[in-house]
Amino acid sequence: MTKKTLEQRVSVLLVEDEESFIDALTIGLNREGFDVTIARDGQAGLASFSKGHFDVVLLDLMLPVMSGLDVCRSIRATSSVPIIVVSAKGEEVDMVLMLEIGADDYVTKPYRLRELVSRIRAVLRRRSSHEQFEADELIALGNVRMDIDARRCFVDNEEIKLRKKEFTLLRLLLENPGRVLTREVLIDRVWGNDYVGDTKTLDVHIKRLRTLIEGDPKSPTHITTVRGVGYRYEVAKT
Ligand code: CA
C-alpha cells in the first residue's frame with residue numbers, strides 16, 4: 001500500500017447552487033485529495049449533513065430554499081464541524097454575524113483554489129489540535145453520564161438501557177446544555193429521512209427519556225419543553 005491510500009481522505013460537503021462553480025471546485029478539490037459531496041440548496045445541504053460524516057462544510061450564502069445563514073445556524077445547533085462560508089463578490093455580508101453564528105472562516109468569490117485549500121487545511125489543523133484536549137467521548141452532566149464509544153448511559157451511576165434513536169437524541173441534548181434544539185433540528189439529526197409517521201414520534205422518544213432520567217417525569221427538570229419550538233437540556237440547578 002502506498003502512503004497515499006493510507007492517508008485518510010478529507011470529506012467535504014459543498015453546499016452551492018452555481019453549476020459552473022460546482023464543477024470547477026469538485027475537480028479541483030478531488031485533485032487535492034478531498035472527497036466532495038454536493039448539495040444544491042440549503043435544505044439539501046442540511047439533509048446531506050445529517051446523513052454523512054464530513055470533515056468540513058463549504059457553505060455558499062445565497063442559496064435556494066434555505067439561506068446559508070440558516071444552514072449554518074442549524075448545523076451549529078448540533079455539530080462543531082468546521083464551516084467555511086463562501087460569499088459572492090459585492091454581497092453585503094456581516095462577517096461579525098457570520099462568525100458569531102459559528103462559521104470558522106469565510107472567503108469571497110472569486111477566489112483561487114489554492115487559497116481555499118489552504119484555508120480548509122488551516123481549519124482542520126486548528127480543529128485537530130483542539131480535539132486532542134477534549135475528553136474521549138464521555139459526556140457527563142448532572143447525574144447523567146454517557147459513554148459514547150461504548151454506547152452506554154448511566155443515571156445516578158446506574159446503567160439505563162437506551163434504544164439507538166433514544167441514545168442519539170439524549171446525546172444531542174446533552175451536548176447542547178441550556179440551548180434550545182428545535183423540533184426540526186432534532187428530527188433531522190436523529191432520524192433524517194427515516195422519520196416516518198406523525199410528528200408525535202419525537203415526543204414519544206422524549207417521554208421515554210424522561211421516564212428514565214427524570215425524578216418526576218411529569219414535571220421534568222432535565223429535558224424541558226420549549227413550547228412551539230423544541231426541547232432543551234437544562235443546566236443542572238443545585
Ligand atoms: Ca449562490
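**A helix pair and a calcium site**

Okay, let's start with the helices: H7 and H8 cross in a right-handed way. Before I go on, keep in mind that this is a predicted model.

So who's touching whom here? On the H7 side we have Lys 165, Thr 168, Leu 169 and Leu 172, and they meet Leu 186, Arg 189 and Val 190 in H8. If you sort that contact by class, you get four nonpolar residues, one polar and two charged.

Now the geometry. H7 covers residues 164-175 and H8 covers 183-190, and their axes come within 10 Å, crossing at roughly 135°. Angles over 145 would count as roughly antiparallel, and 65 to 115 as roughly perpendicular, so this pair, H7 and H8, ends up oblique.

Right, on to the metal. Which residues coordinate the calcium ion? Asp 17 and Asp 60 each come in through OD, and Met 62 through O, with distances of 2.1 to 2.4 Å. Along the chain, those donors follow the spacing D-x42-D-x1-M. Asp 17 and Met 62 link distant parts of the chain, 45 residues apart. Asp 17 sits in the loop between strand S1 (10-15) and helix H2 (19-31), while Met 62 is in the loop between strand S3 (56-60) and helix H4 (68-76).

And how about accessibility: are these two buried or exposed? Met 62 has a relative accessible area of 55%, so it counts as exposed. Asp 17 comes out at 29%, so that one is partly exposed.

Notes:
Residues numbered from 1 in each chain as written. Predicted model: local features only at pLDDT ≥ 70, side-chain atom pairs only at ≥ 80, totals over all residues. Heavy atoms only, no water. Donors = N, O, S within 2.8 Å, 3.2 Å for Na, K, Ca; no water. Helix = DSSP H or I, 4+ residues; strand = E, 2+ residues; numbered from the N terminus. Buried < 20%, exposed > 50% of the residue type's maximum accessible area, 1.4 Å probe, protein only. Axes fitted to C-alpha atoms, helices over the stretch in contact; angles between N-to-C directions. Parallel < 35°, antiparallel > 145°, perpendicular 65-115°, else oblique. Left-handed = near helix turned anticlockwise from the far one by under 90°. Contact = heavy atoms within 4.5 Å. Nonpolar A, V, L, I, M, F, W, Y, C, P; charged D, E, K, R; others polar.
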